Amino acid sequence: MTAVAEAIAAPYRIGEHHAFYAAGREFLYLVPSGAIFGLEGLSKTIVDLLRHEALPREAIRSRLAGLHPAAEVEAVIEELEFCDVIINGESREKFPALPEPEFPIQRIVLNTTNQCNLACGYCYEYSDDKIAESAGKPKYMSTEVAQAAIDTLFKEAAGRPLLHVTFFGGETLLNFPLMKWAVEYANKKARESGKQVDYSLTTNATLLTEEIVDFLAANRIGVTVSIDGDKELHDRMRVFHSGKGSYDVIAPRIKMLLARHKTNSIGARVTLSSGVRDVRRIYDHLTKELGFQGVGFSPATANPDRLYHIGGQKMDDVFDAFSELAWEYRDFALKGGQHYFTNVNDSIKELHQGISKAYTCGAGLGLLGVSTSGGIAACHRFADSPVAQMGNVLDGGVDHGARRQFLENHHIGARPDCHSCWVRPVCAGGCYHESFIHHGQTAASTLNQCDRVRNWIDLCLRIYGEIAVHNPQFLQRFDEN
Amino acid sequence: MNSLHALNRKAKRFAQDRQAALHDVEALQDKKHKAKQQGRVYYPLGCTLHFSPGWEVDVSGGTAGLCQPVERDLFDCYLGCAWPAQVPDHVSNNPDWTSKCSAAANDWRQVDVIYP
C-alpha cells in the first residue's frame, strides 16, 4: 500500500479537545490551537460517529450513505480535518514552538524598594514562605539602577514600539522620588527613540497623596491597589507593623484616587486567605462602596501548612463564589453591561482570542523583574532571591544564556504533566512562584490547582459560548491585541 | 465554513484559511464597480506596464486590446522578477536564453526551452 493510500485508509478520530454546551448547542474547544467551533448538522453527526470508534473515511461515507449526499459528506470531512476537529494521524502540532533566541523584552517590573510599611501575614516577600534574601541588599532602588534597568529594557526591546514599566515593592510609594525620576527618564528615552512607554503601579494605598495621584494621572499610570475588602475583612491580614489595621488609612485615599485619576484603569487586587474569603461581600464592598471598576481575586500563595492557606472545602466554597460572580458577569454581558470581576474578564479575553500559550506567563519571556540591587529575575516575585536569576542591569545586563535555559526548562513541551491536559493552551502549567512554594522547583506544574483550573476554564467556556451566541458585539472589546 | 460554526477569533482564522484554500483570490477586485453590480465580470482598467503582471486581459475580457502583449509577462518574470514563476537564470547560466527573441509580441516562440 502506498503512503497516500495508507493515509486515506487510516481511521479518523476526534482531535484533542474539550466539549462543552452553551446556549443549547455543543461546542468543541480544540487543543492545542485554542479554536472554538460549534457543531452543527452533519459535522455533529460525524463527530458523534467518531466518539464511539475510529473510522476510516470510506467507513464514514458508507455509514452516512443514503442519509446525506456523498459530496456533502466528503466536504464536511475535509472541513473537519482542515480545522483539526478530526485527525487521522498526528495532529499538526502538539505544542507551540520555543521562542526565537533573545526574544524581545516588553515589560520590566522595578522593585523600587524591598521595604514595606505594612506587615500582611500572607506576604510572599516577608512571611514564612519568603524566598527573597534582602539582607545586605539596598533597601531602596537608586537612580543608577533604575537608569540601567530602563536602558536594558530599551536595548532588549529590539523593534517593539510599545514598552511597559511596572513599579512594584515592598510598598512602591516608599520610594516615590525614584518612581518619579524613572518615569521622566523613560519618557525622555521614548521621545529620543520614537517608542512609547506606559506605566503601572501596585500599591497598598497607605501613602497616596493628592500630589502623587496628580502625578499618576498626568502620566497615565495604571494603578492596582492591594485591598482585601471592608474594614473587618481587610484588617485581618493587612496591618501595620504595630498590628493596627490599615483600612481606615486607605479608604479615604482610595476614594480620592478614584475621583482624581481618570486617565488609566484603577483596579483592586484581593488576596484571599483562610479567614478572608467572602468573595461576594468583598466584591460588593469594593465596587459599590469604594467605586472600583475592576476587582481581581487570588488566593494567597502559601504552603499548605500555613494557617492562612485556603484548603479543601474552603477552597471549593471560594470557587462556588467565583462561579456565582462569573454567571453574574454573563448576565451583565448579555445586556451589554460591564461587570467588574476581572478574573472572568481576563479568561474570556484569552478564550476569545484563542490563545495557545507556550508559557504560563511572560516571566523571563517578555517580562523581567529588577531588584533594588539591579539583579534581573524572571519576574518581580523572584527579585533578590537565589531562584530564576538572569543577570544584573549594572553588570552586563541580561544573561541570555541563563534566560534561554529558563525558557527551555519552563516551556510547555518540557512539562510532561501537562501534555494530556485540555486546559494547557490557557494554563501552560501555572505560576512558577507558586510551584516553587508548593513543589520546591519553578518548573513543576502546579498540580494542586489542576482540577480547579479545568473547572474554571470550563465555566468560562460555557459563559463565553452564551455571550458569543447571544451578544457577540460584547466581545468586540477583546478583538484588539 | 459549511458545517462548523467558528466561534472565537482563532476559529475564524481557520475559517479564513479554509476559505483561501478553496476560493480564488480577489485581490484589487472592485466589488462596487458598475460592472459588478450589473452582474458582469469586472476587469480593472489599466496598463499592464503598471499593473503587470496580473491582468492579462483587456477591458473587454480579451487580450487583443492590451497595451503590452500578453507574452510580456514572461519577460517581466525574467527581468523584473515580480512574479513567482520559475524562469531561467539569465545572469550566470543562460545568458542567451532570449537572444532569438527581439520583439516579444512577434517572436516569443523563439525563446529557448531550458531544461534544468
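Some conventions before the structure. As a predicted model, it has local features reported at pLDDT of at least 70 and side-chain atom pairs at pLDDT 80 or more, while totals for chains, interfaces and linings use all residues. Residues are numbered from 1 along each chain as its sequence is written, and chains are lettered from A, with ligands numbered from 1, in the order in which they are written.

Chain A overall. Chain A has 15 helices and 15 strands; these are DSSP runs numbered from the N terminus, with helices being H or I of at least four residues and strands being E of at least two. The radius of gyration of chain A is 25 Å, close to the 23 Å from the globule rule for 481 residues, so chain A is as compact as a globular protein of that length. That radius is taken over C-alpha atoms, and the rule is 2.2 Å times the number of residues to the power 0.38. Along the principal axes, the C-alpha atoms of chain A fill a box of roughly 80 × 50 × 45 Å.

Of the 481 residues in chain A, 44% are buried. Buried stands for 20 or more other C-beta atoms within 10 Å of the residue's own, exposed for 12 or fewer, and partly exposed for in between, with C-beta atoms placed from the backbone. Taking contacts in chain A between residues at least 6 apart in sequence, 72% join residues at least 24 apart; a contact is two C-beta atoms, placed from the backbone, within 7 Å.

Now the sheets. One is an open sheet of 10 strands with mixed pairing, in the order E11-E10-E9-E8-E7-E6-E12-E13-E14-E15 of chain A; strands pair if DSSP finds at least two bridges between them. E11 (295-299) and E15 (397-398) of chain A are at the edges with a single partner strand each, so one side of each has no neighbour in the sheet. E13 (375-377) and E14 (389-392) of chain A pair antiparallel over two bridges, and Gly375(A) has Asn392(A) in E14(A) as its bridge partner. Helix H13 (400-410) of chain A packs on this sheet, touching E14 and E15 of chain A, and its direction makes about 160° with that of E14(A). Axes here are lines fitted to C-alpha atoms, for helices over the stretch in contact, with angles from 0 to 180 degrees between N-to-C directions.

Which strands make up the open sheet of four strands? The order is E2(A)-E3(A)-E4(A)-E1(B), with antiparallel pairing. Its edge strands are E2 (17-22) of chain A and E1 (4-6) of chain B. The twist averages 30° from one strand to the next. E4 (36-39) of chain A pairs with E1(B) over three bridges, and Leu39(A) stands opposite Leu4(B). Helix H1 (9-22) of chain B lies across E4 of chain A and E1 of chain B, at about 120° to E1(B).

The contact as a whole takes 23 residues from chain A and 13 residues from chain B. On the chain A side, H4(A) gives the largest share, four residues.

Backbone details next. Most residues other than glycine have a negative phi, and most peptide bonds are trans. Ala23(A), in the loop between E2 and E3 of chain A, has a positive phi of about 50°. Ala23(A) is partly exposed, with 13 other C-beta atoms within 10 Å. Asp84(A) also has a positive phi, near 65°, and is buried, with 22 other C-beta atoms within 10 Å. The Val31(A) to Pro32(A) peptide bond is cis, with omega near 10°, and Gly169(A) and Gly170(A) are joined by a cis bond with omega about 15°.

Last, His433(A) in helix H14 (432-439) of chain A. Is His433(A) buried or exposed? His433(A) is buried, with 24 other C-beta atoms within 10 Å. Beyond its neighbours within four places in sequence, His433(A) contacts Tyr124(A), Thr301(A), Arg381(A) and Phe382(A).
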